[in-house]
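Keep the sequence and the 3D view open, and try each task before you read its solution.

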Amino acid sequence: MRRPALYNRQHGKQVGVGSVKAKIGKLLLVVVVLLICTVSLLFTSSATKGGAAGSAYSSEINVEKLWRSADSGGWKPSSAPRSVWPPPPSETNGYLRVRCNGGLNQQRTAICNAVLAARIMNATLVLPELDANSFWHDDSGFRGIYDVDHFIKSLRFDVKIVEKIPEIHKNGKTKKIKAVQLRPPRDAPISWYTTEALQQMKEHGAIYLTPFSHRLAEEIDNAEYQRLRCRVNYHALIFKPNIMKLSQSIVDKLRTQGHFMSIHLRFEMDMLAFAGCFDIFNPKEQEILKKYRKENFAPKMLVYKERRAIGKCPLTPEEVGLILRSMEFNNSTRIYLAAGELFGGERFMKPFRALFPHLENHSSVEHSDEIPENTQGLLGSAVDYMVCLLSDIFMPTYDGPSNFANNLLGHRLYYGFRTTIRPDRKALAPIFIDREKGRKAGFEEAVRQVMLQTNLGGPHKRIPPESFYTNSWPECFCQTSPKNPADKCPPDNVLEILSSQLSQENGDPESNSTSVTDR
């Protein structure tokens, strides 16, 4: 009997202690909950009181930061080979001639593709021909624009290059090799070059590929081939000294007052006609655009309102100014305009000039006798290209089919992740349309929100339809301490290794002459 009594007393004691502990636990829980609620209430109150400030902070754009290069994320440009890369053999399979059509930058990508095609076929490349008729009627040719000696020397580890097909002297007779003409398929795969083209080359000794614009696929599953394209584009293709000197003179004069921005203002007849953006022009101008489109582009039903709504129209000069103003650039900003003749004239430039009065072009900055005659030619385009490359910020207004803008975006990325402002025309279109309808409230904030979502020049994944020439990351970039071994930078003595291989192939001790700036 006592045991149960004893057990009950002990149990009663334990129940009492447990009850106290439970109360303490509940009390602590209540305190914690009260603390959480208090903090939450204070935070909510603060957020409510500073709602406007919080919103402004979230959409704030640091203009001073934009004048500097974008964050590299530990990447640096590098197009040197990272695996076994044999030098071109002394004996090749024949000669490759190409005719590069289009404007300066379309020709530039064609030259890069020609070098790669020669490497693929183990061919000797004949100095590429630049079409004089299809664009500006400019017959400057390769020698008139590029430094030929530098071009040949820079690519000595990759392909053999000659200025013309040599004559064959045999048994006291001179024979000319006639190149058989071929028309490559658009975006032809490597297999076309290693089969059909190579077969014709071996049979005839030389082939002539024409036209040669977009005649080799851009996306190739071979990083070394892609790096060769970068070596051509960013190291071998250097403009002639007079063009470089002229460009640097313009940049120096623009920089006397601090930072400057360059804008490719693609508000020109050919691009407006291509895009089908007619309705903002008067009847006479519309007639000109429609006539140009009919003569130069395939028939297609284009509705302006639909094109505008999906961002298919080039930005107007005023829209460019409104974007920059929304991004908090002030009217003291110096802007270099790379553009041909703006369609519609001064009435479209006036609103832009009212927002940003310090507008320049190569003729207004550099009063040289060399430029006026070539404003629309290859030389003028080359000067614009270099000034835009060296500017602190670059902004294309239509980077769809624009070779100039696309090549510059890629070059500036490779040049050190230099800041680029790439307006998302599709996202901006409804904002501009609302403004035109009188709904202007919150306009600048809406523009800022769109621009904050764009890439401003840092490394980013290439997603179709973005071109390799617009973004060569990651193939043409490396890291000193990479997570992926394929991204590791090549050894510092890579040029010495390549030079040694070349001298062994040619038995030429002079091939050992190298420059660390080559790649």
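**Exercise 1.** Which handedness does the link of C277 and C313 have, left-handed or right-handed?

*Solution.* Start with the ground rules: this is a predicted model, where local features need pLDDT of at least 70, side-chain atom pairs count only at pLDDT 80 or more, and totals for chains, interfaces and linings use all residues. Residues are numbered from 1 along each chain as its sequence is written, and side-chain values use heavy atoms, with hydrogens and water left out.

Step 1: find the bond. C277 and C313 are joined by a disulfide (a pair of cysteine sulfur atoms within 2.5 Å), with an S to S distance of 2.0 Å.

Step 2: read the torsion. The value about the S-S bond is -100 degrees, and the link of C277 and C313 is left-handed.

Step 3: C277 sits in the loop between α10 (269-275) and α11 (283-296), and C313 in the loop between α12 (304-309) and α13 (317-326), 36 residues apart. Helices (H or I, at least four residues) and strands (E, at least two) are DSSP runs, numbered from the N terminus.

Step 4: check the surroundings. Both C277 and C313 are buried, where buried means under 20% relative accessible area, exposed over 50% and partly exposed in between (1.4 Å probe, protein chains only).

**Exercise 2.** Which parts of the chain does the pair C230 and C476 tie together?

*Solution.* Step 1: the disulfide of C230 and C476 has an S to S distance of 2.1 Å.

Step 1: C230 belongs to helix α8 (residues 223-236), while C476 is in the loop between α19 (443-452) and β14 (477-478), so the pair ties together parts 246 residues apart in sequence.

Step 2: C230 counts as buried at 1% relative accessibility, and C476 does at 0%.

**Exercise 3.** What is the torsion about the S-S bond of C478 and C489?

*Solution.* Step 1: the sulfur atoms of C478 and C489 lie 2.0 Å apart, forming a disulfide.

Step 1: their torsion is about 85 degrees, so this disulfide is right-handed.

Step 2: C478 is in strand β14 and C489 in the loop between β14 and α20 (494-506), eleven residues apart.

**Exercise 4.** What pattern do the disulfides of the protein follow?

*Solution.* Step 1: a search of the whole structure gives three disulfides.

Step 1: counting bonded cysteines along the chain, the pattern is 1-4, 2-3, 5-6.

Step 2: C112 is in no disulfide, and its nearest cysteine sulfur, that of C230, is 8.3 Å away. C112 is buried, at 0% relative accessibility.
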